[in-house]
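Please have the viewer open as we go.

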Amino acid sequence: MALPKDLLLSMYERMALIRAFEEACVQLYMEKEIRGSFHPCVGQEATAVGACFALNPEDYMTCTYRGHGACIAKGIDVNAAMAEMLGRRTGVSKGKGGSMHWTDPSIGLLGENAIVAAGVPIAAGAALSAQLDRNGRVALTIFGDGAINQGAFHEALNMAQLWKLPLILLCENNFYAEMTPLAKSNPLAQVADRAKGYNMRAVVVDGNDVCAVYDAVREAARLARAGQGPTFIEARTYRLLGHMIGDSESYRTKEEVAQWRERDPIKRLRAHLAQAEGVTDAEFDAMHARVQQQIADAVKFARESPYPDPEEAYTDFWI
Amino acid sequence: MRELTYTQALREALTEEMERDPNIILMGEDIGAYGGVFRVTEGLLARFGPERVRDTPISEAGFIGMGVGLAMTGKRPVPELMFMDFALVAADSIWNQAAKMRAMSGGRVKVPMVIRAQQGGGRGNGAQHSQSFEALFTHIPGFKVVLPATPADAKGLLKSALRDENPVMFIEHKLLYNTKGPVPDGEYTIPLGVADVKREGSDLTIVSYSRQLLFALEAAETLQKEHGISAEVIDLRCTVPMDIETIVKSLRKTHRLLITHESHASCGVGAEIAMRVMETAFDELDAPIMRVAGLDVPIPVAKTLEDVVLPQPDAIARGALKLMKG
Ligand SMILES: Cc1ncc(C[n+]2csc(CCOP(=O)(O)OP(=O)(O)O)c2C)c(N)n1
């Protein structure tokens, strides 16, 4: 963890913000203020923050229905994000996209996606766009270990490598695709081996170590910007909550979850900051207080925002 | 006016628009060096280079998905589906991604993409290479759907499609590529969603589009010559937006409506037109609306069978005679 203290502190605070956002949403979901399905990323904050902090604001990104962390890490307006969760017209997608479709081109966010793997070719397209414009941007696509079995994923990897696209493929390997464990869907020893079939550079990192993810993505971005093509990064992590709220979690043991709780990426960074950088409890408390205030403000903003008018069913569709 | 083939007209539209707009990028299987299996993109690689005329691996889901990413980031991709039937392997990229991005983002992104594909039977290509999917695109909101029948329309409509800010499904017909027709000189476009009266008449209205339009015109000729029946023939040209007004205007004159299309009858565009006409102009009808459409069976290869499954001009004429008696 050789990164500058300031960077580590802001990464810590952003991870805490994501955690607080998700915990607030769990609450709001149980209270039926959030409709539809909600897939929390609690436990996976390090991949989101490590990846996005390694990129420039204008770089492109696609992610999945579990992408709130990545979107917040990339800089989405938290008030608009919360309003979207609550289906309000002030939401990032005016209440039309909901939890699974946050999109904000102003921060390069080309959409979460509710279809497994669909964001991979879309990011490849954005990478091609950047390559054609020679503007030095890269595209990051974040997906789960379930996505690697989809056709669109393989088609995109093949073209990305053929055309040396500035694309970073970040697999958040949390070892489950909904209720299916990785070993039941993947015959290879590790997910990153999938990239070998495309002669693509591949690395495996500890996805709960924000610095490891940061370093891997930074290097991938450097290579991509230098015309060296895509990198596949397997970040091993774990979702501490169920696939979605209401998941019985019968497919995994309490011990397994407890073990991963020990490796909680936020706790881990906190321990490092305290030991190596001498960050005090008071400083942590201040950060958490700021974050809690931000989320409380976001919930207030969302609740006080109006719902879309019925006529808005016809807008934002055809141009 | 000069005569061009449908293929030449399409190529002219692509060439002129690519000259005008450097963001237009063609992509698809064998569209570059080979010039496309239907030769539409012949010569474009030499003219515009491999960055803009891009041969892809056989990856419809992948390259149409990439088209969505390109379109969201300022490009105007024109992916080509070699055969319309392959839309099904790219169904997610087409219907869940391209069609919905704008709405799901609350209007924050647009997807100006033109998917070109040819469809239709008549060549003995069999059930996996002869289908017509305009109804699928019409059913799921998100695409404008264009089906030109003549070279002049092909050029003018493609130019409009390439300038549209929405995703457009541009549907050609494999048996139209070699047809010839007058094409105006110089710059012109045809607005999307405006039907065209291709033949004036007073006894009944026949609505069609794509290759079936030519059959409808042939049937109208026969009806006039052999039965003294005057059919007005309307070319719908687009199923989204759908120009019902032009049809209703014609019905105020003829009061009888026959709809014909090559795609399957069930839940087809004909059913949609009929219902919309009933909703808006039921009083104009002197007889039940008639539909002549593809049979609800997979398209067979043998000519004797294909000719039964896909409606021919005589089937339209027979339908019209029945309608006139009714
Ligand atoms: C194409 C497709 N098939 C199935 C689903 C249903 N589904 C939603 S999430 C999910 C599991 C995906 O697992 P993974 O890619 O590992 O991501 P994770 O949820 O673990 O982040 C499935 C099967 C879907 N959304 N899209």
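In the side chain of A:Tyr65, an N or O atom sits 2.8 Å from an oxygen atom of the ligand, and here a polar contact is a pair of N or O atoms within 3.5 Å, where, within protein, one must be able to donate a hydrogen and the other to accept it, and residues adjacent in sequence count only if both atoms are side-chain atoms. The protein covers 74% of the 580 Å² of accessible area that the ligand has on its own, with areas from the Shrake-Rupley method and a 1.4 Å probe, and, for residues, only the protein chains shown counting as cover.

Before going further, a word on conventions. This is a predicted model, in which local features need pLDDT of at least 70 and side-chain atom pairs count only at pLDDT 80 or more, while totals for chains, interfaces and linings use all residues. Residues are numbered from 1 along each chain as its sequence is written, chains are lettered from A and ligands numbered from 1 in the order in which they are written, and side-chain values use heavy atoms, with hydrogens and water left out.

Which residues are closest to the ligand? Of the 15 that surround it, the closest are A:Tyr65, A:Arg66, A:Ala114, A:Gly146 and A:Asn174, a residue being near if one of its heavy atoms lies within 4 Å. That shell divides into seven nonpolar, five polar and three charged residues, where Ala, Val, Leu, Ile, Met, Phe, Trp, Tyr, Cys and Pro count as nonpolar, Asp, Glu, Lys and Arg as charged, and the others, Gly among them, as polar.

Seven of the eight residues of H4(A) are buried, so the helix is largely enclosed by the rest of the structure, and buried means under 20% relative accessible area, exposed over 50%, and partly exposed in between, with a 1.4 Å probe and protein chains only. Its cover includes helices H1 (5–30), H3 (68–74) and H10 (281–304) of chain A.

Turning to chain B, we find 12 helices and 14 strands, and 63% of its 326 residues count as buried. What about B:His173, buried or exposed? At 2% relative accessibility, B:His173 counts as buried; this residue belongs to strand S7 (residues 168–173), and its side chain makes a polar contact of 2.7 Å with that of B:Glu262.

Finally, B:Thr41, in the loop between strand S2 (24–28) and helix H2 (44–48) of chain B, is buried with a relative accessible area of 0%. Leaving aside residues up to four places away in sequence, B:Thr41 touches several others, including B:Leu14, B:Glu80 and B:Arg116, with contact meaning heavy atoms within 4.5 Å.

Methods:
Helix = DSSP H or I, 4+ residues; strand = E, 2+ residues; numbered from the N terminus.
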